Amino acid sequence: MTEPPTNGLQFAHDLARLREHLEHAGNEYLPIEHQSAAAAGFLKVINELTTGADPTAAVARAMATYFRVDEAQRAHVAATEARRQREEQDLEAEEEITRKVECPDCGAAAGLRCKGTGASGGLKKKSHRARFRLARQLTDRKGTTS
Ligand SMILES: [Zn+2]
């Protein structure tokens, strides 16, 4: 392998530029989903090696940095997905209650979906508001003894 020629000034300039990029991409004050584990790890190994750290220790610290950010991101993704699923289940349960009554807005029979609300827009828009309210009123009148 041939080493690229090292110009001290160019090296310092490039290093400063690279550090700036990596500090931006790996900024630990950004929301975790916007942090780059690779940038944080790369910055760590560069900082360690340019301040004379033992190469093995430098790599070990860089890996620790990388895995810390990577694991935090995975935990964040898992938590976000779990919350989304809970919300979807809550909406489905609500929609089930709403569909027990006929819709006063579009006339959709009990058990059938509202007409004209479309397939898009997600669960939140499955039934007309009037139907949602009517179903709640009837549920309240019956009480919660079921
Ligand atoms: Zn309707």
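Predicted model: local features only at pLDDT ≥ 70, side-chain atom pairs only at ≥ 80, totals over all residues.
## Opening question

## The chain as a whole

The chain holds four helices and zero strands, in the order α-α-α-α along the sequence. Helices (H or I, at least four residues) and strands (E, at least two) are DSSP runs, numbered from the N terminus.

Of the 146 residues, 18% are buried. A residue is called buried if 20 or more other C-beta atoms lie within 10 Å of its own, exposed if 12 or fewer, and partly exposed in between, with C-beta atoms placed from the backbone. Two residues are in contact if their C-beta atoms, placed from the backbone, lie within 7 Å. Among contacts between residues at least 6 apart in sequence, 47% join residues at least 24 apart.

## α1 against α2

Let's start with the pair from the opening question. Helix α1 covers residues 8–25 and helix α2 residues 37–49; the two pack at an angle of about 140 degrees, with their axes 8 Å apart. Axes are lines fitted to C-alpha atoms, for helices over the stretch in contact, and angles run from 0 to 180 degrees between N-to-C directions.

On the α1 side, the contact is made by Arg19, Leu22, Glu23 and Ala25, which meet Ala39, Phe42, Leu43 and Ile46 of α2. By class, this contact of α1 with α2 has six nonpolar, no polar and two charged residues. Here Ala, Val, Leu, Ile, Met, Phe, Trp, Tyr, Cys and Pro count as nonpolar, Asp, Glu, Lys and Arg as charged, and the others, Gly among them, as polar. α1 is hardly covered, with one buried residue among its 18. From first C-alpha to last, α1 reaches 26 Å, close to the 26 Å expected at 1.5 Å a residue; the expected span is 1.5 Å times one less than the number of residues.

## α2 against α3

Next comes the partner on the other contact of α2. Helix α3 (residues 55–98) packs with α2 at an angle of about 160 degrees, with the axes 8 Å apart. That makes α2 roughly antiparallel to α3, and α2 passes α3 in a right-handed crossing. The contact of α2 with α3 has twelve nonpolar, three polar and four charged residues. Among the α2 residues taking part are Ala37, Gly41, Lys44 and Leu49, and among those of α3 are Pro55, Tyr66, Val69 and Gln73.

The buried residues of α2 are Ala37, Ala39, Ala40, Gly41, Phe42, Leu43 and Lys44, and what covers them includes α1 and α3. α2 has 13 residues and spans 18 Å, close to the 18 Å expected. α3, with 44 residues, reaches 64 Å, close to the 64 Å expected, and its buried residues are Ala62, Thr65, Tyr66, Val69 and Thr98.

## Individual residues to look at

His34 sits in the loop between α1 and α2. His34 is exposed, with 9 other C-beta atoms within 10 Å. His34 and Gln73 are 39 residues apart in sequence, yet 8.9 Å apart from C-alpha to C-alpha. Glu71, placed in helix α3, also counts as exposed, with 11 C-beta neighbours inside 10 Å. Its C-alpha atom is 9.2 Å from that of Ala37, 34 residues away along the chain.

Cys103 lies in the loop between α3 and α4 (129–142). Cys103 is buried, with 23 other C-beta atoms within 10 Å. Leaving out residues up to four places away in sequence, Cys103 touches Ala108, Cys114, Ser127, His128 and Arg131.

Conventions. Residues numbered from 1 in each chain as written. Parallel < 35°, antiparallel > 145°, perpendicular 65-115°, else oblique. Left-handed = near helix turned anticlockwise from the far one by under 90°.
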